[in-house]
Amino acid sequence: MSGLHIPIDTPDGSRTAHAENVLAPNPGMMTLDGTNTWVIGTDEVMVVDPGPDDAAHLDRVVRHLGERRVRQILLTHGHSDHSGGARRFAELVGAPVRALDPRHRLGSEGLADGDVVAVGGVELHVYGTPGHSFDSLCFWLPEDRAMLTGDTVLGRGTTVIAQDGGLADYLRSLDRLRQAAEELAADALLPGHGPVLAHPIGALDGYIRHRRERLDQIRSAQKQGARTPREIVEIVYADVDRQLWPMAEISVRAQLDYLGSP
């Protein structure tokens, strides 16, 4: 790999040798700086996660492409901040949309664990990583020793287990990514939100440790008498901005399901 280019103030323009980020203008508590739209390849390219259905963003991606031809549009998962603009973008560039969930496909081909998508001499290897959502995928870019992680691993903070996901799956996916990062000698994680992570093993170890610590904190809160997700959030997330408590409650429900609590 030729090294990372990581802007100081924003993930916009972050890149490796064969991947470039065009940041969508949808910042928020859950989307951080916005959705990272990744352009993969050189003369012929793949686009991962066109982002929300925002005409200005999609037009910007098209301008960024210049003369390069989009051959494949891939989705890390079907949440609208990643997939909402896929159909409009497909019409703009004349390329199919591939996803694990058939509802988000445009064309005859889907995506599944173990698939390899090759365009212009550049490959993406598909890893099934359910947990954040049931249909979450990650993509290994061997030419750059980089893993595109969607919402499975973010550039800052931690991932919410959405209502269409599950913590048991998520923990298995983190373990799988940790093993892959070591076996493949990964140099970078390219997330769906936030900056590039240049130390994959450390980042994944931190994610796994954080999840185990949260489970211990929930067990402790239950011993203190907390029963409902809200009561647990008030104890475990007491130092977190209250605007984030509704999302924390979703994560707590996922953790209670994992622990076998009502």
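The model is predicted, with local features needing pLDDT of at least 70 and side-chain atom pairs counting only at pLDDT 80 or more, while totals for chains, interfaces and linings use all residues. Residues are numbered from 1 along each chain, and side-chain values use heavy atoms, without hydrogens and water.

Me: What makes α5 a helix of the expected span?
Reply: Helices are DSSP runs of H or I with at least four residues, and strands are runs of E with at least two. The expected span is 1.5 Å times one less than the number of residues. α5 has 24 residues and reaches 35 Å between its first and last C-alpha, close to the 34 Å expected.

Me: Which residues of α5 are called buried?
Reply: Buried means under 20% relative accessible area, exposed over 50% and partly exposed in between, with a 1.4 Å probe and protein chains only. Among those of α5 that are buried are Leu204, Tyr207, Arg211 and Arg214. Their cover includes α4, β10, α6 and α7.

Me: With which residues is valine 153 in contact?
Reply: Contact means heavy atoms within 4.5 Å. Leaving aside neighbours within four places in sequence, the partners of valine 153 include Leu174, Leu189, Leu204 and Tyr207.
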